[in-house]
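Here are my notes on the model, jotted down as I went through it. Have a look at the structure first, then read on.

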Amino acid sequence: MATFLYRLGRWSFLRRRLVTLLWVALLAAVGVLAAKAPAAPDDGFAMPGTEAQKAFDLMDERFPGAMSDGASARIVFVAPSGQKITAAENQQTVEKTVAELAHGEQVVGAAGPFKTGAVSQDGTTAYATISYDAKPGKVSTGATDALEQAAQHARDAGLTVDIGGTALMAGGEAGGSAEAIGMAMSAVVLVITFGSLLAAGLPLLTAVIGVGLGIALITGLGSVLGLSSTTSTLAMMLGLAVGIDYAVFIVSRYRAELLDGYAPKEAAGRAVGTAGSAVVFAGLTVIIALAGLSVVGIPLLAKMGLAAAGTVVIAVLVALTLVPALLGFIGPRVLPRKLRKRGRAATGAGARPNGGTRWARFVLRRPVAVLVGGVIGLGVLALPALDLRLGLPGDEAKPTSTTQRRAYDHLSEGFGPGFNGPLTLLVDAKGVPDPKAAAQQVGDAVKGLPGVVAVTPAAFNQAGDTALVTAMPATGPSEAATTDLVHAIRDKAPGLKSATGATVLVSGPTAMNIDVSQKMNDALLPYLAVVVGLAVVLLLVVFRSVLVPLKAAAGFLLSVAAALGAVVAVFQWGWLAELIGIEQTGPVMSMMPIFMIGVVFGLAMDYEVFLVTRIREAYVHGEEPGEAVVTGFRHNARVVTAAALIMISVFAGFIGMNEPMIKMMGFGLAAAVAFDAFVVRMAIVPAALALLGRRAWWLPRPLERIVPDVDVEGANLRTEPPLPAAPGDGTGSDGTGTEPARHSVGV
């Protein structure tokens with residue numbers, strides 16, 4: 001592989017104008033396709049196989065036009081202190097507000113509190129429900145503006161008014177400012193790392209091109225493949241991450257080859273032949289992790305994973321072709337001027353040891369202490385993860401400055417905490433002789449369960465064979481007692497079917513959230529097994545070793561467990577919560593462990609492959625195991641550190657967002673990358689390799705015969721003759737003229 005990539009990198013360098021033109025033309029063509037493509041379909045959030053989803057599907061069938069998953073808003077009215085909301089003046093204001101919204105844009109129903117009985121027992125609080133013919137996140141700006149205006153009119157009349165529900169849910173991707181902050185921080189890190197604006201700007205430019213192409217493809221093929229705008233969220237985040245990383249790896253190796261005395265075109269070929277091999281296999285591990293999201297069983301996650309995997313493929317191709325082509329325009333100017341003058345002396349035997357060298361030698365002197373300290377430290381950080389409780393935080397987790405949170409609190413105070421998480425019971429009495437009696441019996445049975453404070457009368461469809469019954473829990477939607485109540489009702493359903501002949505399904509947003517969390521829990525171990533298992537096999541091929549891939553996987557699991565522990569400690573227990581703006585603790589977002597495993601596994605294997613392939617390269621070329629570790633760290637510790645800092649900056653930028661779920665994802669991913677890069681890859685990995693010595697590279701003879709030698713470390717490049725350059729295509733020391741290589745490959 002190294003030989004093929006060497007030829008590809010050298011060809012891209014020499015044909016830089018053609019390669020650059022092809023990428024620009026491809027980006028333009030796909031951009032036109034995206035601009036002319038029909039609108040992408042709605043994602044929805046289907047959960048096939050769950051009871052809540054079955055109930056939603058049956059509701060759509062038996063209650064046509066009801067749109068069970070449509071957006072709705074709850075306008076909560078609170079009377080001034082000492083007054084009742086039922087007072088004539090206040091009641092008139094409420095009814096006027098509801099009438100103002102009844103015929104508004106996308107509104108299909110407006111239920112006032114005095115007709116539906118939605119008034120608290122103390123008479124101070126009431127709420128109106130506004131239903132829309134659009135899904136959450138798809139309510140138009142005009143409709144939400146009308147909602148806000150009507151609420152303001154009621155406030156002007158003296159009432160306290162706040163709005164909850166799904167109608168105000170944002171439809172676009174959050175985090176635009178966070179991405180800008182992350183890119184700015186990445187630029188700063190790259191300038192400090194490379195000491196050259198050209199070298200720092202190239203990875204950012206190629207990453208943006210790769211992500212732009214990937215997002216345009218997703219948009220252009222959205223209607224054909226069923227990819228919505230939501231699908232591109234993970235693709236954009238990971239595309240930028242790996243796009244910058246892979247370009248940094250290639251540019252870093254190119255600079256090292258220049259300092260070793262190679263002419264630019266030769267340095268580009270060798271950089272792609274060695275670092276490019278690491279990029280290919282690092283990309284494959286990311287693709288495995290993302291494609292593995294398909295095993296979770298959630299269509300939206302599967303689409304997001306596959307779309308992001310496609311963007312990673314583009315990032316790899318950009319790194320292998322466009323990066324060396326752009327290096328052809330830059331030439332040696334990718335180095336700071338002082339390094340261009342010092343040349344080989346900057347990295348030769350007489351060069352001053354850098355930070356990576358000093359750290360590696362420190363670890364080699366104390367491998368047991370570093371290894372044990374790293375493992376124990378991450379183990380302690382992982383302990384809170386034993387108390388991990390999954391859920392989908394709702395309005396209760398939002399800051400108190402938001403109208404959604406205030407509406408939630410008003411309803412809890414006026415109607416009880418369980419009012420914000422009602423359970424919808426679908427009673428399927430088709431074929432039952434007396435459906436009304438069956439629904440009544442179901443309601444009476446559920447009313448007698450501990451934790452149920454009220455049950456509404458059954459509401460039947462037009463056919464009279466299906467009813468909806470609402471059960472009000474005594475506890476909030478994210479509390480463990482509510483989850484227990486849902487399971488208790490479902491446990492009682494078989495007995496009710498025997499007694500009445502009717503099938504009882506528990507649904508509604510609260511039950512759906514519980515089912516999502518359970519499905520994520522059930523998928524976690526299979527997902528881990530698939531992703532880690534396939535990656536271990538891939539790394540076995542890369543390193544031709546049994547122990548190194550197992551060490552890599554074990555280190556990754558340690559870092560993810562520590563990051564989950566940190567998330568539990570901050571977001572569930574409340575440690576340091578005020579420091580990052582967490583006003584309300586609660587369960588960890590149910591998707592968090594899956595997302596963290598998928599994203600961090602890919603990035604962790606990036607660092608593992610890039611760092612350890614350089615160590616193995618030195619070992620294969622004749623160095624002793626310990627000295628090979630020092631060599632690998634001398635060349636790659638700085639760039640791996642820079643890549644990790646870039647990712648931490650990108651993810652940490654999301655901690656400042658108002659949305660609790662985005663804040664949690666930013667914190668968790670930043671913590672996981674920090675633990676993996678600086679504790680696992682920089683400390684545990686060299687310590688383990690030092691203790692293992694030559695045994696680290698042991699491969700049983702039966703495996704030696706069947707495992708292909710892909711030559712990631714570029715051993716074959718020592719005997720590969722230099723390719724002849726076409727007249728006028730070489731790049732001289734100034735990056736513009738022609739100059740023969742001072743060192744051919746293998747010299």
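1. E617 and R614 sit together in helix α21 (residues 592-620), 3 residues apart, or about one turn of the helix. Helices here are DSSP runs of H or I with at least four residues, numbered from the N terminus. Their side chains form a salt bridge, at 3.9 Å from N to O. The rule asks for a side-chain nitrogen of Lys or Arg within 4 Å of a carboxyl oxygen of Asp or Glu. E617 and R614 are both buried, with buried meaning under 20% relative accessible area, exposed over 50%, and partly exposed in between (1.4 Å probe, protein chains only). Salt bridges with shared partners join R614 and E617 to R253, E257 and R270 in one network.

2. Some ground rules before going further: this is a predicted model, where local features need pLDDT of at least 70 and side-chain atom pairs count only at pLDDT 80 or more, while totals for chains, interfaces and linings use all residues. Residues are numbered from 1 along each chain as its sequence is written, and side-chain values use heavy atoms, with hydrogens and water left out.

3. What does E257 pair with in a salt bridge? The partner is R270, with the closest N and O atoms 3.2 Å apart. E257 belongs to helix α10 (residues 232-259) and R270 to helix α11 (residues 264-291), so this pair ties together parts that are 13 residues apart in sequence. E257 is buried at 4% relative accessibility, and R270 counts as buried too, at 15%.

4. Leaving out neighbours within four places in sequence, E257 is in contact (heavy atoms within 4.5 Å) with Y262, A267, R270 and A271.

5. The salt-bridge count comes to 15. Another one is D409 with R405, at 3.2 Å from N to O. Both residues lie in helix α16 (residues 403-415), 4 residues apart, about one turn of the helix. D409 is partly exposed at 24% relative accessible area, whereas R405 is buried at 9%.

6. On packing: the largest nonpolar core has 183 residues, and those with the most contacts inside it are L234, Y246, F556, M596 and F651. Such a core is a set of buried Ala, Val, Leu, Ile, Met, Phe, Trp, Tyr and Cys residues joined through side-chain atoms within 4.5 Å. Not counting residues up to four places away in sequence, Y246 touches V279, A282, G283, V286, V312, A315, V316, A319 and D606. A second, separate core has 26 residues, among them V427, A438, A471 and I489.

7. A241 is also in helix α10 and is buried, with 3% relative accessible area. Beyond its neighbours within four places in sequence, A241 is in contact with L603 and M647.

8. Quick geometry check on helix α8 (residues 197-220): at 1.5 Å a residue, its 24 residues should span 34 Å, and the end C-alpha atoms are 34 Å apart, which agrees. The expected span is 1.5 Å times one less than the number of residues. At the start of α8, a side-chain oxygen of S196 comes to within 3.4 Å of the backbone nitrogen of L198.

Key: Helices (H or I, at least four residues) and strands (E, at least two) are DSSP runs, numbered from the N terminus. A polar contact is a pair of N or O atoms within 3.5 Å; within protein, one must be able to donate a hydrogen and the other to accept it, and residues adjacent in sequence count only if both atoms are side-chain atoms.
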